[in-house]
Amino acid sequence: MIENNELTMNMDSRLSFEEFRKEVLNDYRLACESREVSLLARKEVLTGKAKFGIFGDGKEVAQVAMAKYFLPGDFRSGYYRDQTFAFASGIATIEQFFSQLYADPDPANEPFSAGRQMNAHFATPNVTADGNWRDLTQTKNTAADMAPTAAQMPRALGLAFASKLFREVEVLKEFSHLSQNGNEICFATIGDASTSEGHFWETMNAAGVLQVPLAVFVWDDGYGISVPRKYQTTKGSISTVMEGFRKQEDTNGFDIYNVKGWDYAGMCEVFENGLRKVRETHIPALFHVEEITQPQGHSTSGSHERYKSKDRLAWEKDYDCNHKMREWILENALSDEGTLQEIEARAKALAHESRKNAWEKYITPIKQQVQTMVAHGKALLDEGVADATLVSHNIQELQANREPLRRDILKAATNILFRHKAVQSAGLQALQQYYDQQLAQEKDTYNSYLYATGPNSVHNVPVVAATYAAETPTVNGYEVLNKYFDQLFAENSKVFAFGEDVGKIGDVNQGFAGLQQKHGKQRIFDTGIRELTIMGQAIGMALRGLKPIAEIQYVDYMLYGLQPLSDDVASLQYRTKGMQACPLIVRTRGHRLEGIWHSGSPMGMIIHSLRGMHVCVPRNMVQAAGMYNTLLQANEPALVIESLNGYRLKEHLPENLTSFTVPLGVPEVVRAGTDITLVSYGSTLRIVEEAAHTLEELGISCEVIDVQTLLPFDINHSIVESLKKTNRILFVDEDVPGGGTAYMYQQVMELQGGYRFLDVAPRTLSAQAHRPAYGSDGDYFSKPNTEDVVKVVMAMMEE
């Protein structure tokens with residue numbers, strides 16, 4: 001801990017003593033306000049006004065200290081105990097915090113998620129509704145928070161890595177609204193117990209290798225919920241166990257700092273010097289903030305008295321950071337007792353006033369809706385047609401509810417409407433109209449923005465057909481992609497490509513062969529074998545306005561990188577209500593090859609975990625290029641799965657290689673027919689086409705449809721139009737039974753109403769339930785083959 005007099009002299013050299021005193025007291029004010037918020041918010045949960053609460057008490061002083069060095073342009077990738085940091089940096093107000101605690105869906109009151117995330121989950125906008133990127137250099141930015149422990153770490157790597165690119169890549173200098181020459185730091189915060197997660201270790205290793213401006217703050221309160229640190233971390237100290245990561249002369253790695261969470265003066269000095277070095281040198285740093293307390297325990301779901309000893313509880317009381325800062329202020333004559341008491345009283349009053357304002361803004365529109373519903377009920381009673389006892393009971397129950405929810409109003413309306421289906425009256429008709437209006441409004445409130453809208457959406461990208469010269473060259477599929485990426489990187493300086501073996505050898509299937517040498521190692525580059533943080537790099541880069549194409553070598557390996565795509569990317573539009581965009585493209589390849597882990601088609605797993613992303617399954621590489629063009633003109637994330645066995649198939653090369661587009665969600669009829677509709681995609685489509693040729697020889701006319709994208713799926717319901725003609729349908733893919741085929745079946749049969757046009761039962765044909773065996777025979781007997789398709793179709797025709 002720095003000596004008090006030394007701190008005063010150091011600060012006095014920069015500021016007058018009075019200015020220094022004001023700054024210290026302002027920091028103490030922030031700490032007191034945040035503590036009062038935690039205490040009051042817990043009561044709101046325990047009284048039932050809020051559902052759940054998790055707060056930042058015990059971390060106030062450390063977060064006030066770090067927020068002093070969080071500058072415009074910087075990014076935060078934190079976790080759900082960063083409320084003090086949010087208040088101190090101006091990202092959030094106390095009233096907004098309470099609005100989020102109450103799940104207020106009005107974005108004017110709760111601007112982080114419009115009531116969709118629980119308390120202390122913050123976000124700042126990065127795009128506008130008209131599709132333009134905001135000036136990120138003028139604001140203090142935060143990526144939208146998540147609850148899964150350590151989930152903030154992979155994208156933190158990408159947010160910091162973007163600064164490295166903005167500083168070192170010359171073609172990015174023009175984007176001055178996205179970066180100030182790469183001077184931005186990513187501040188990542190994490191609880192000590194969460195450092196046990198693999199996400200933390202993979203991120204730290206990658207950041208140490210890459211040398212990016214990542215500042216990781218570990219809040220160490222000695223426990224992971226109830227589990228002591230000794231059961232969490234080797235040697236009981238994350239900074240001790242990470243000593244091997246410490247940067248030495250002529251090595252890469254991290255700088256490591258240890259501070260005490262109650263030592264305001266010491267933290268200010270260490271944070272200032274350490275963060276300045278991170279900003280200037282791009283050497284990452286770990287700040288291990290020890291001896292943190294947690295006065296109210298882990299959350300509102302339990303009490304820490306159950307697992308902490310009396311000695312520990314007594315120590316936490318003595319070393320509470322606010323208490324220690326108060327002592328330090330008095331010891332150094334920076335204030336008197338009366339002034340501090342006045343600050344503390346004002347902090348309590350502000351917390352109560354903010355809570356009251358937030359609650360009134362939340363409850364007032366609901367009570368207004370209650371009054372409207374009551375008026376409808378009284379109108380029904382006056383009309384005399386409805387069941388008076390039933391109506392009165394529902395209205396009285398609604399009026400007696402002191403803290404009604406929107407659902408209570410709709411439930412009261414449906415209770416009445418359901419029981420009067422056979423009754424016709426003006427009052428019931430008016431109630432039905434009110435119910436329909438409210439339901440539509442709440443669906444927009446709670447079910448909108450899974451995907452982007454307006455100019456940010458892929459559906460607003462103009463459709464441009466591929467054009468071909470009279471003497472169109474025919475080339476291998478991988479050559480189509482190679483020529484495409486070559487032109488793309490020459491034309492679009494925001495695009496980067498990276499992954500395992502992407503750089504030097506140009507990816508395992510040669511889509512980038514020779515392009516690193518042409519466009520530079522900083523734009524097309526190799527990574528370590530670390531799928532999770534490859535996704536993290538892409539997420540952070542995309543959040544900062546770049547257009548990363550991140551490669552997962554085989555779709556089988558998507559599992560390692562699926563968590564951040566599912567929890568972070570796929571839910572981002574929804575959980576920020578369209579405020580943040582993350583336009584990354586994940587490029588991978590799959591379907592038929594050889595062996596259990598190189599021939600996967602886990603489409604059911606992918607489409608059900610990535611709602612919120614687009615999933616493209618092109619049948620060839622020209623289609624893939626068109627899909628890339630579409631995606632790069634929008635601000636939405638996507639997964640593109642190229643067909644492994646299509647790279648050496650011959651294709652015609654379009655003239656407008658980087659400008660033609662393939663609309664997403666629009667299937668293509670690749671073979672017209674009249675007897676049966678065959679629906680498939682990717683590599684299996686070629687099996688289906690081969691089967692259709694055989695069936696044609698047998699007198700059966702097959703209409704073959706390539707769905708092209710699974711998310712979105714057939715937005716114009718064109719497949720059902722084919723079914724109206726053929727009255728028979730077979731869905732084919734190479735996922736497990738009940739996977740991708742079941743999804744397509746549900747979309748066409750249920751959503752499109754295809755069941756109405758069937759002459760025979762619809763069928764699905766998938767791979768076997770096991771993973772595919774090795775070798776050509778293993779492939780034949782594990783996945784659908786031509787003969788399987790022919791047999792199923794012939795059986796359907798005989799029904």
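The model is a predicted one.

The chain splits into four parts: domain 1 covers 17-335, domain 2 covers 365-447, domain 3 covers 458-652 and domain 4 covers 668-798. Domains 1 and 3 are the pair followed here. Their C-alpha centres are 33 Å apart, and 46 residues of domain 1 touch 34 residues of domain 3.

The size of an interface is often expressed as the accessible area that is lost when the parts come together. For domain 1 and domain 3, that comes to about 3400 Å², with 63% of it on carbon and sulfur atoms. On the domain 1 side, Arg116, Trp133 and Glu202 give up the most area to domain 3, and together they make up 18% of what that side buries.

Polar links also run across this boundary. Domain 1 and domain 3 share 19 residue pairs in polar contact, counting pairs with both residues at pLDDT 80 or more. Two helices, H6 (152-168) and H7 (198-210), each bring at least two residues to the side of domain 1 that touches domain 3. H6 gives the most to that side, with 11 residues. Sorted by type, the residues of the domain 1 side come out as 28 nonpolar, 11 polar and seven charged. As for salt bridges, there are two between domain 1 and domain 3. Asp568 and Arg155 also form a salt bridge, with their closest N and O atoms 3.3 Å apart.

Side chains of opposite charge can pair when their charged atoms come close. Across the structure there are 42 salt bridges. One of them joins Arg76 to Asp82, with 3.1 Å between the closest N and O atoms, and both of these residues are buried.

In helix H23 (residues 718-726), Lys724 and Glu721 are three residues apart, about one turn of the helix, and their side chains meet in a salt bridge at 3.0 Å, N to O. Lys724 is partly exposed because its relative accessibility is 39%, and Glu721 is partly exposed too, at 45%. In helix H26 (residues 786-798), Asp788 and Lys791 are three residues apart, so about one helical turn separates them. The closest N and O atoms of their salt bridge are 4.0 Å apart. Asp788 is partly exposed at 22% relative accessibility, whereas Lys791 is exposed at 56%. Elsewhere, salt bridges with shared partners tie Asp507, Glu551, Arg587, Arg589 and Glu642 into one network.

Note on methods. Residues are numbered from 1 along each chain as its sequence is written. This is a predicted model: local features need pLDDT of at least 70, side-chain atom pairs count only at pLDDT 80 or more; totals for chains, interfaces and linings use all residues. Side-chain values use heavy atoms; hydrogens and water are left out. Domain bounds come from an automatic or database domain assignment. Contact means heavy atoms within 4.5 Å. Buried area is the accessible area (1.4 Å probe) that two parts lose on being put together, summed over both. A polar contact is a pair of N or O atoms within 3.5 Å; within protein, one must be able to donate a hydrogen and the other to accept it, and residues adjacent in sequence count only if both atoms are side-chain atoms. Helices (H or I, at least four residues) and strands (E, at least two) are DSSP runs, numbered from the N terminus. Ala, Val, Leu, Ile, Met, Phe, Trp, Tyr, Cys and Pro count as nonpolar, Asp, Glu, Lys and Arg as charged, and the others, Gly among them, as polar. Buried means under 20% relative accessible area, exposed over 50%, partly exposed in between (1.4 Å probe, protein chains only).
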